[in-house]
Amino acid sequence: NNLFCDAGSEYGGPQCGIQSSSKILIKGGTVVNAHHQQIADVYVEDGIVVAVQPNINVGDDVKVLDATGKFVMPGGIDPHTHLAMEFMGSETIDDFFSGQAAALAGGTTMHIDFVIPINGSLTAGFEAYEKKAKNSCMDYGFHMAITKWDEVVSDEMEVMVKEKGINSFKFFMAYKGSFMINDELLIEGFKRCKSLGALAMVHAENGDAVFEGQKRMIELGITGPEGHALSRPPLLEGEATTRAIRLAEFVNTPLYVVHVMSMDAMEEIAKARKAGQRVIGEPVVSGLVLDDSWLWHSDFVTAAKYVMSPPIRASGHNKALQAALATGILQLVGTDHCAFNSTQKAFGIDDFRKIPNGVNGIEERMHLVWDTMVESGQISVTDYVRLTSTEWGRLK
Ligand SMILES: NC(=O)NCCC(=O)O
Ligand SMILES: [Zn+2]
């Protein structure tokens, strides 16, 4: 714990909740936000940015950091994480502390995690996540999943929005037999989001068809990690994405599509946005920089690391997603950080359906987006700040 709590103490910063007065001047850097960049000083008092302007003069009680030749930008906000998540018979290996420590090491200073209800109860889920988040060492927020529907859940959504500060709700169209909801629930949920002014989010894959695809693979004797990709092709992501988009249009409420992994889904989002519908698309770093060749690796331990849903796609989807991000079809980058170790992944050594789904990324996101998108000239530094940090705040 202390390693991270002490990390900022040199600058008089807060030490894991112990607030002490601090004054810092970050001098002479290129200050970047989502709209503009200029050489300026940044004056920070007790963790709050008080002034941004050239040549700020300060007294001896202020710690001065020379940022000449460097960029000074907001910390990253990861809009999609799963820390301490119970999933597929296991719990993610990163809890709030270790996941956040990794995030901080990589330049992300806030994340939004998904509260998973307990037996459908939002209240019980929220209380559990409040406990899980007790060992936090950075800012975080919550979205919430909706996994069943009745009057109680509908009322609890209002409590979450009005009293608990949660105003984004995710509906899983996949994971048949666990989180998956049907279209009736999706419509009810969208209607409730609309009436509460909350944002509806979807994990868009056709869970029934995935189930059928998995059966087909097993019948063909394909039990390794490659079966994961083969059983849930881009087609099924595209189908669910367009269905969710059309139902959101029917209800007339905005829609946020999490982890857009394929051209198929991205093109549905592009069409809807072009038609004027309020649809937000979130690619994740794994989908932007990797391809599915890893899932065919002969070593199970290596291949299983890359099992997530929707799957990492064949080469070409990644470049198309990058282009969509650069041209404004997709809006912001998450990670879907949901890390399992090799012992946990080995639950599926004989059957890919049992490999816990999820990959890492919370530490790597900022530098991977920089390397892939800025260094290649696809986006500007201001775009970088928008896609990795400020856009989530603007949406909310
Ligand atoms: N994506 C994934 O494979 N694991 C996390 C749960 C989810 O977001 O679907
Ligand atoms: Zn997720």
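Below we talk through a metal site, some backbone angles and the labels given to them.

Modeller: One thing before we start: this is a predicted model.

Colleague: Thanks! Which protein atoms are the donors of the zinc ion (ligand 2)?
Modeller: They are H80 (NE2), H82 (NE2) and D336 (OD), lying 2.0 to 2.2 Å from the zinc ion. The cut-off for a donor is 2.8 Å from the metal, so these atoms qualify.

Colleague: What makes the arrangement around the zinc ion (ligand 2) irregular?
Modeller: The four donor atoms subtend angles of 85 to 148°. Tetrahedral would need all angles between 85 and 135 degrees, so the 148° end rules that out.

Colleague: How are the donors spaced along the chain?
Modeller: They follow H-x1-H-x253-D. H80 lies in strand β6 and D336 in the loop between α12 and α13, so the pair ties together parts that are 256 residues apart in sequence.

Colleague: Why is H80 called buried?
Modeller: Buried means under 20% relative accessible area, and H80 has 0%. D336, at 8%, counts as buried too.

Colleague: And what makes N252 exposed?
Modeller: Its relative accessibility is 57%, and exposed means over 50%. N252 also has a positive phi of about 65° although it is not a glycine.

Colleague: Why does M88 count as partly exposed?
Modeller: M88 is at 30%, between the 20% and 50% limits, so partly exposed is the label. Phi of M88 is positive as well, near 50°.

Notes. Residues are numbered from 1 along each chain as its sequence is written. Chains are lettered from A and ligands numbered from 1 in the order in which they are written. This is a predicted model: local features need pLDDT of at least 70, side-chain atom pairs count only at pLDDT 80 or more; totals for chains, interfaces and linings use all residues. Side-chain values use heavy atoms; hydrogens and water are left out. Buried means under 20% relative accessible area, exposed over 50%, partly exposed in between (1.4 Å probe, protein chains only). Donors are N, O and S atoms within 2.8 Å of the metal (3.2 Å for Na, K and Ca); water is not among the atoms, so sites may look incomplete. Four donors count as tetrahedral if all angles lie between 85 and 135 degrees; four count as square planar and six as octahedral if opposite donors are over 155 degrees apart and all others between 65 and 115; anything else is irregular. Helices (H or I, at least four residues) and strands (E, at least two) are DSSP runs, numbered from the N terminus.
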